[in-house]
Amino acid sequence: MLVSGTEFSVTVRRGAVEKVMEAGSRTLGLRVFKNGRTSSTYSADFTPAAMKRFVERAIELAAVAEPDSCAALPEWEERAAPSDLGLFDPAVTRLSTEEKIARATRCEQSAFALDPRITNSDGATFGTDVNTVMLLNSRGFSGAYESTVASINIEVMADDADGKKRNDHWFSVDRSLDRLESPEDVGRRAAERALRKIGARKVATKEVPIVFDPLAAAGLLRTLTGAVSGSSLDRRATFLLGGENTAVASELLSVTDDALMPGRLGSRPFDDEGVASRRNAIFDRGVFRGFLFDTYTAKKTGHLSTGSCRRSVGGPPGVGTSNFYLQPGGSTPEEILATVEDGFYVTDMMGFGVNLTTGDFSRGAGGLWIENGRLSYPVTEVTISGKLQQMLQDLEMTGSDIEWRGGVAAPTIKVRSMMVGGL
Amino acid sequence: MTVHAGGEAAAFFRAQFAIDDDVLSELLGAALEHGGDYAELYFEHRESGSIQFEEQRVKNVSGGIVQGLGVRVIAGDAIGYAYTEDLSRERMHQAADTAARISSRGEHTGPIGLQPVDASQFYPVVGPVSEAPAAAKVDLIRSADRAARAYHPSIARVDISLADELKRVLVATSDGRVSGDVQPMVRFNVTCLSEVDGSRQTAVSGGGGRTGMEYFAAQTPESIACEAARQAVLLQSAQEAPAGPMPVVLGPGDAGVLLHEAVGHGLEADFNRKRTSNYTDRVGENVASALCTVVDDGTIPNSRGSINVDDEGDPGRSNTLIERGVLRGYMQDRISARHFKTGSTGNSRRESFRHYPMPRMTNTYMLAGETPPEDVIRAVDRGIYCASFGGGQVNISNGDFVFSVTEGYMIEGGRLTAPIRGVNLIGNGPDVLSKVKLVGTDLRLSDGRWTCGKDGQSVPVGVGMPTVLVSEITVGGTKRIEGI
């Protein structure tokens with residue numbers, strides 16, 4: 001596997017260029033299978049002598065491993081490459097440094113211009129990546145694709161009355177420059193999000209309905225990606241063990257992992273071991289359809305690969321998602337809020353308190369309190385806790401407002417009830 | 001180790017890539033071609049290897065070598081950064097030229113003379129893991145596997161990894177300094193699954209540091225494995241944790257993560273220079289209970305967070321951050337030190353040559369106090385005791401933090417009672433440090449397993465803590481407890 005690319009980023013802070021980063025790189029990753037023994041190695045030294053040593057070393061390392069009948073290349077059949085997935089936008093590669101600086105500058109200006117209470121900024125960053133992935137194997141597979149990413153992000157701060165700083169960020173990331181949100185919109189959203197935190201306070205400990213905004217809901221969904229991984233199944237480290245083809249969730253839960261969505265960040269024609277990409281239904285109206293697999297975990301657990309192999313260029317393969325999203329529903333966010341008399345609208349989550357084996361969930365959260373169907377005052381420094389199994393059952397509403405900001409996407413959702421830990 | 005690490009690194013780059021003082025001066029000259037104020041070259045060569053062991057079998061063996069050069073040019077307050085993995089003269093020049101473009105004053109500086117910087121050796125290694133035969137490493141893994149399985153019949157699966165790294169760095173700067181280091185690292189990790197009547201619990205334990213095979217004589221693979229097995233088995237009987245504010249006793253060692261998250265990040269000078277930390281302008285003020293003295297110490301022998309020289313070439317040091325509750329100073333890199341008109345504190349670190357350096361922690365801990373640890377627990381009527389932690393996160397701007405407890409117990413009537421599971425602590429750094437009521441005599445370091453992330457860059461760190469009583473922290477369990 002050969003990965004090569006160029007990266008560029010510029011950060012503008014308080015109107016001045018703070019950092020410019022520019023580089024190109026390429027790395028070769030090699031997996032060797034010898035009598036069921038495997039090694040994974042990498043090198044960035046492409047001189048012929050170094051390459052020869054590198055391959056010899058890979059074979060030596062494989063001898064240290066023990067035979068594993070599941071370790072093998074995928075069975076490969078020739079099939080038509082998927083039509084153009086729209087992963088490459090030449091406009092991203094043509095953008096001048098001045099234009100990138102100008103976009104970051106406009107983003108920050110727009111945040112400061114919204115309200116004088118925005119008093120500081122951690123800077124606005126505009127970045128581009130251009131990459132090529134090439135994969136070849138001894139079974140005759142050969143494939144390559146090019147991709148681009150453009151991104152813009154900013155973090156700003158407002159001063160609260162008690163001297164505490166209230167900060168928030170916003171960002172946009174896309175393969176195409178046209179679909180990237182405008183710098184002004186990104187700056188304004190960041191400022192709005194920081195401003196609405198002014199006066200944030202703790203609330204009393206109690207169990208209430210929880211509404212997650214699309215970004216927080218995507219965070220929840222990201223947690224689920226680990227639980228539906230074939231690797232977790234193999235390790236018996238998922239609460240979904242034994243749940244295949246049973247109704248484990250509310251009928252509103254339909255989740256898909258689709259590597260073939262045109263122009264999306266998780267899209268690719270084949271996975272990181274050459275298996276053709278496809279669309280996998282994970283949950284279908286509450287029924288758990290099955291785990292995601294690479295070739296190894298599929299063999300190990302008696303399944304077929306779902307085209308879900310992900311690996312860093314030099315590392316061993318693992319299971320990962322592509323475009324993993326929760327099917328939007330029919331309600332607007334306002335309609336969802338209107339159903340809540342006393343509850344919590346979560347916009348941020350912090351920390352790592354999720355146990356995928358047991359489903360125990362406890363994370364720090366911030367957002368706004370909901371009173372009589374409307375957003376009321378900002379809330380900070382509380383935790384939300386529950387069991388993932390129960391949360392899936394308790395999904396009560398899904399919004400129509402799905403937002404794509406990365407490879408995991410969700411709309412606004414409402415969970416019937418969770419414990420809020422506060423005062 | 002008889003050869004000085006800096007000299008050893010310089011000799012390595014000279015022998016392997018023909019990078020000598022002339023090449024360094026020439027590249028620094030190119031980096032300042034357009035009149036930047038300061039230029040720095042960071043060469044890195046990293047060899048890494050790892051063995052993954054699953055279900056009583058060596059599943060995969062990995063290894064790799066990366067090398068590269070990162071060039072940083074500072075012009076006023078702006079940074080230009082470029083890197084290359086190709087250490088040919090042509091590519092290195094190209095990287096220097098790219099970074100140089102941050103400045104446009106067009107002045108040319110004269111030739112740069114270079115002097116080596118002296119540094120100490122905080123991590124002498126007897127038997128480098130990178131050079132140990134594979135069979136010896138597999139033996140360590142197998143003994144851990146056996147120990148975990150023998151610990152308890154419910155241990156249904158054991159996964160182990162042994163990873164090692166040898167990193168050589170060379171830093172040359174336009175103010176005429178050359179320093180280098182050879183940084184070893186080893187990390188041993190055990191994950192155990194306990195299964196009882198369909199109830200599954202997993203736990204992880206690990207160890208390591210900037211050390212060699214000799215590490216495993218003192219900290220045996222068996223002891224690391226049994227710790228993971230013990231925690232997994234314990235979780236089987238753990239109860240739902242309470243929710244709400246209550247007294248919390250932080251056990252020794254791992255709880256240093258709280259310190260790292262709650263105060264450490266806010267004391268990194270870049271956030272204070274940009275005025276985005278809640279500790280901005282507070283040097284000399286009371287920021288914690290008078291029982292708290294907090295130190296960041298890059299000189300602890302063989303610790304994961306220690307550094308002979310930092311990634312701007314300055315020697316690693318020990319710095320007092322908070323002394324008896326009073327903020328003494330920030331952790332500085334050169335850019336921030338210039339702003340604060342002070343010197344570097346040896347805290348400048350970066351993930352690799354692909355990354356620019358920033359102020360980062362090394363080993364951060366609270367000094368021991370005067371209360372015996374059992375008296376700290378005895379002082380609590382109802383609350384929780386946190387023995388080990390899974391990780392945490394902080395909002396630098398206001399100090400709000402969250403961290404997850406992987407082993408915890410209820411405290412009732414001054415005694416530890418039922419184990420609890422699935423619990424997070426949430427609070428505010430300065431607030432929690434002001435509520436420290438007792439500090440134990442039992443400072444313990446947890447210096448083998450933590451990795452800190454900032455701005456997308458990961459660096460190895462150590463933490464440490466004595467037993468400490470905090471009068472109130474919000475606990476994020478699922479069970480409402482009345483009467484606390």
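How many C-beta neighbours inside 10 Å does Arg324(B) have, and what does Arg324(B) count as?

Modeller: Arg324(B) has 14 C-beta neighbours inside 10 Å, so it counts as partly exposed. The cut-offs are these: a residue is buried with 20 or more other C-beta atoms within 10 Å of its own, exposed with 12 or fewer, and partly exposed in between, with C-beta atoms placed from the backbone.

A word on the source. This is a predicted model, where local features need pLDDT of at least 70 and side-chain atom pairs count only at pLDDT 80 or more, while totals for chains, interfaces and linings use all residues. Residues are numbered from 1 along each chain as its sequence is written, and chains are lettered from A and ligands numbered from 1 in the order in which they are written.

Back to the residue. Arg324(B) is not a glycine, yet its phi is positive, near 45°. Most residues other than glycine have a negative phi. Arg324(B) sits in the loop between S11 and strand S12 (326–327) of chain B. Helices (H or I, at least four residues) and strands (E, at least two) are DSSP runs, numbered from the N terminus.

Another residue of this kind is Asn302(B). Its phi is positive too, about 60°, and it is not a glycine. Asn302(B) lies in the loop between strand S10 (294–297) and strand S11 (318–323) of chain B. Here the setting is buried: Asn302(B) has 20 other C-beta atoms within 10 Å.

Now the chain around them. Chain B holds 11 helices and 24 strands. Its C-alpha trace spans about 75 × 55 × 35 Å along the principal axes. Of the 484 residues of chain B, 62% count as buried. Among contacts in chain B with a separation of 6 or more, 76% come from residues 24 or more positions apart. Two residues are in contact if their C-beta atoms, placed from the backbone, lie within 7 Å.

Next, the core. The largest nonpolar core has 174 residues, and Ala148(B) and Cys192(B) touch the most other members. Such a core is a set of buried Ala, Val, Leu, Ile, Met, Phe, Trp, Tyr and Cys residues joined through C-beta atoms within 7 Å. Setting aside neighbours within four places in sequence, the contacts of Cys192(B) include Ala148(B), Ile155(B), Val158(B) and Thr202(B). Another core, of 69 residues, lies apart from it, and Ala158(A), Ala191(A), Ala75(B) and Ala99(B) are among its members.

Then the partner chain. The contact between the chains takes 62 residues from chain B and 57 residues from chain A. Several strands of chain B supply at least two residues each to this side, including strand S7 (199–209) and strand S16 (382–394). Strand S2 (57–75) of chain B gives the most, with 11 residues. By class, the side of chain B has 20 nonpolar, 30 polar and 12 charged residues. Ala, Val, Leu, Ile, Met, Phe, Trp, Tyr, Cys and Pro count as nonpolar, Asp, Glu, Lys and Arg as charged, and the others, Gly among them, as polar.

Five bridges join S2(B) to strand S3 (residues 37–43) of chain A, and the two run parallel. Strands pair if DSSP finds at least two bridges between them. Ser43(A) stands opposite Ile65(B) in S2(B).

An open sheet of five strands in chain A has mixed pairing and the order S10-S9-S8-S13-S18. Strand S10 (287–288) and strand S18 (408–409) of chain A are at the edges with a single partner strand each, so one side of each has no neighbour in the sheet. S18(A) pairs with strand S13 (residues 324–326) of chain A in the parallel sense over two bridges. Tyr325(A) stands opposite Ala409(A) in S18(A).
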